[in-house]
Amino acid sequence: PKADLAVLLECLALDAGIEPGKNEIQVIFVYDAEHSRMNFCLPSDLEKEVHGMAFQSRLGEFSLYAFQPSDMARREDLFTESLQLLTESKD
């Protein structure tokens with residue numbers, strides 16, 4: 001059976017040490033045109049079903065975003081730049 005994306009993200013957040021509360025958790029998916037679906041979970045279409053969605057749980061609110069670099073950059077480059085911005089963020 002396919003995993004429920006919301007449950008999977010909650011488990012990852014708990015593993016990362018996030019405690020229950022009124023947290024605001026942003027989840028960013030970086031993908032390329034060949035990999036726009038996550039075949040292991042539901043919902044699975046990053047562009048049509050995941051991007052711009054949100055859900056509330058006992059851990060807080062999860063906001064989901066999906067980005068495809070297209071011809072601007074490679075997927076790996078966009079991912080690396082995202083991590084660099086994350087380390088510079090005060091939040």
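This is a predicted model: local features need pLDDT of at least 70, side-chain atom pairs count only at pLDDT 80 or more; totals for chains, interfaces and linings use all residues.
Trainee: What makes Phe55 and Phe62 an aromatic pair?

Mentor: Their ring centres lie 4.6 Å apart, and the cut-off for a pair is 6.5 Å. The two rings therefore qualify as a pair. The structure holds 1 such pair.

Trainee: Why is the pair of Phe55 and Phe62 called stacked?

Mentor: The angle between the planes is 5°. Planes under 30 degrees apart count as stacked, so the term applies here. Both Phe55 and Phe62 are buried, which means that each has under 20% relative accessible area.

Trainee: Which residues does Phe62 touch, leaving aside those up to four places away in sequence?

Mentor: Phe62 touches Leu9, Glu10, Ala13, Ile25, Val27, Met53, Ala54, Phe55 and Ser57. Phe62 is also listed with Leu5 and Phe29 as having the most contacts inside the largest nonpolar core, which has 16 residues. Two or more residues of this core come from each of α1 (5-15), β2 (23-30), α2 (46-50) and β5 (60-67).

Trainee: What makes a set of residues a nonpolar core?

Mentor: The residues must be buried, of nonpolar type, and joined through side-chain atoms within 4.5 Å. In soluble globular proteins, nonpolar side chains tend to be buried together.

Technical notes
Residues are numbered from 1 along each chain as its sequence is written. Side-chain values use heavy atoms; hydrogens and water are left out. Buried means under 20% relative accessible area, exposed over 50%, partly exposed in between (1.4 Å probe, protein chains only). Helices (H or I, at least four residues) and strands (E, at least two) are DSSP runs, numbered from the N terminus. Contact means heavy atoms within 4.5 Å. Rings of Phe, Tyr and Trp (its six-membered ring) pair if their centres lie within 6.5 Å; planes under 30 degrees apart count as stacked, over 60 as edge-to-face and the rest as tilted.
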